[in-house]
Amino acid sequence: MKLSRLLSMALVALCASQAPAYAQMNWKLASAAQPGSPLIGFVDEAASKITAGSKGAIKVERLFIGSEQEIVQQIVRGRLEMVSVSLAGTAPIVPEAGLMTTPYIWRSDAERDFVTDNYALPVLKKIYETKGLVIVGWGEVGWNDTVCKKACLSPADVKGMKVRVGPATSSKIFWSSLQTNGVQMPLSELFPALQSGLVDAADLPFPYYVTTPAAQSAPHYVTTRHLHHASHMLVNKRVWDGLSAEQKALIQASVPEAARQRREVDASVKPKMDEFKAKGGHIHELTPAQRAEWSKLVIPNQEQMVKEAGGAAPELWAAIQKGKQDYAARGGK
């Protein structure tokens with residue numbers, strides 16, 4: 001072999017050894033958020049910041065998938081790199097996360113945020129990693145309320161009613177405590193079910209509800225505020241472990257902070273409710289006494305959440321209770 005050929009081969013090998021260890025990564029960031037939802041903005045912001053901050057080394061594109069359960073299945077299998085979903089979406093894979101949506105567990109927004117950030121989230125991060133998922137950011141969906149085809153102002157109004165029950169244990173406990181005729185189905189099947197009369201009620205957070213066909217099929221929105229939905233951004237752990245420390249820091253910094261998401265989602269609700277009412281929708285604001293009629297039937301069944309979740313649920317439940325005690329000791333209500 002000629003010397004010049006040998007030198008050329010050596011030069012190619014040297015260049016290859018000095019090239020970056022990774023090529024450009026094309027990521028899909030999946031979400032079930034509907035157009036018009038504030039969640040869309042948070043997802044798009046994270047995608048654009050990661051793409052720009054990495055100088056294109058990680059190119060992130062938002063992908064719409066209507067079922068959160070499908071989204072979570074795909075990221076666990078490695079078919080998606082990153083997702084933005086509610087805790088209800090991950091509950092079938094991470095049942096312990098469902099404890100955060102325990103009906104009537106929170107006495108106020110302030111208590112919930114304090115306990116979540118300081119006590120629950122560190123435990124949740126450990127649990128998720130055992131499932132092959134990394135929590136890179138925490139966000140907000142809002143309070144779940146009851147949506148009906150008629151005014152459902154009391155538990156008596158929904159007793160025996162055909163209602164959509166979600167796959168999460170919190171949904172099952174809430175509706176069974178009220179003695180409804182539950183029909184379990186994924187979220188993607190709810191809208192045609194309401195339109196066809198297969199079910200007459202469900203529960204949804206208002207920012208999401210108002211962007212869906214449910215706002216027309218079930219135009220009565222009742223503020224039961226029975227459970228709260230957080231959201232979170234997740235990265236597949238195998239993908240995460242292959243990133244550099246700088247890339248990991250960039251991704252975490254690119255997700256809008258939880259406090260800001262909470263403020264913006266909360267601020268978006270009243271104007272959207274006013275707009276909904278102007279178009280003929282009905283908002284039924286329950287008084288504390290009216291809401292207590294719902295909660296007194298549900299609270300006795302709260303610990304069923306721990307039993308059904310299994311796994312590390314007792315550890316997470318203990319952390320939540322400790323956080324609630326700490327919050328109360330600090331004078332919180």
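In which loop is Y104 found? The points below take up this residue and then other parts of the model, which is a predicted one.

1. **Y104 and its backbone.** Y104 is found in the loop between α4 (87-90) and α5. Although Y104 is not a glycine, its phi is positive, at about 60°. Its relative accessible area is 13%, and because a residue under 20% counts as buried, Y104 is placed in the buried group.

2. **K55, another loop residue.** K55 lies in the loop between α2 (38-53) and β2 (58-64), and this residue, which is not a glycine either, has a positive phi of about 55°. Its relative accessibility is 78%, and so K55 counts as exposed, the cut-off for that word being over 50%.

3. **The chain as a whole.** The chain has 16 helices and 9 strands, and its C-alpha trace spans about 90 × 45 × 30 Å along the principal axes. Of the 333 residues in the chain, 53% are buried. The chain exposes about 15100 Å², and carbon and sulfur atoms supply 54% of that area.

4. **The largest nonpolar core.** In soluble globular proteins, nonpolar side chains tend to be buried together. In this model the largest nonpolar core has 42 residues, and Y128 and I320 are those with the most contacts inside it. The elements that give two or more residues to this core are α3 (68-76), β3 (82-86), α5 (109-130), β4 (133-148), β8 (220-236), α15 (304-309) and α16 (313-329), and the largest share, 9 residues, comes from α5. When residues up to four places away in sequence are not counted, I320 touches L99, M100, I105, W106, V115 and A120. Apart from this core lies another one, of 20 residues, which includes L194, A215, Y221 and F276.

5. **W27 in strand β1.** W27 has its place in strand β1 (residues 25-31), and with a relative accessible area of 3% this tryptophan is buried. Leaving aside neighbours within four places in sequence, W27 is in contact with I58, K59, V60, E61, E81, M82, V235, V239, L243 and I251. W27 and T51 are 24 residues apart in sequence, while their C-alpha atoms are 9.5 Å apart in space.

6. **Helix α7.** Helix α7 (residues 169-177) is mostly covered, since 7 of its 9 residues are buried; these are T169, S170, S171, I173, F174, W175 and S177. The buried residues of α7 pack against β4, β5 (162-165), β7 (201-205), β8, α14 (288-298) and α15. The helix is followed by Q179, which has a positive phi, near 60°.

7. **The disulfide.** The structure holds 1 disulfide, which is formed by C148 and C152, with their sulfur atoms 2.2 Å apart. Both C148 and C152 are buried. The torsion about their S-S bond is about -120°, and therefore the disulfide is left-handed.

Methods. Residues are numbered from 1 along each chain as its sequence is written. This is a predicted model: local features need pLDDT of at least 70, side-chain atom pairs count only at pLDDT 80 or more; totals for chains, interfaces and linings use all residues. Side-chain values use heavy atoms; hydrogens and water are left out. A nonpolar core is a set of buried Ala, Val, Leu, Ile, Met, Phe, Trp, Tyr and Cys residues joined through side-chain atoms within 4.5 Å. Buried means under 20% relative accessible area, exposed over 50%, partly exposed in between (1.4 Å probe, protein chains only). Helices (H or I, at least four residues) and strands (E, at least two) are DSSP runs, numbered from the N terminus. Contact means heavy atoms within 4.5 Å. Accessible areas come from the Shrake-Rupley method with a 1.4 Å probe; for residues, only the protein chains shown count as cover. A disulfide is a pair of cysteine sulfur atoms within 2.5 Å.
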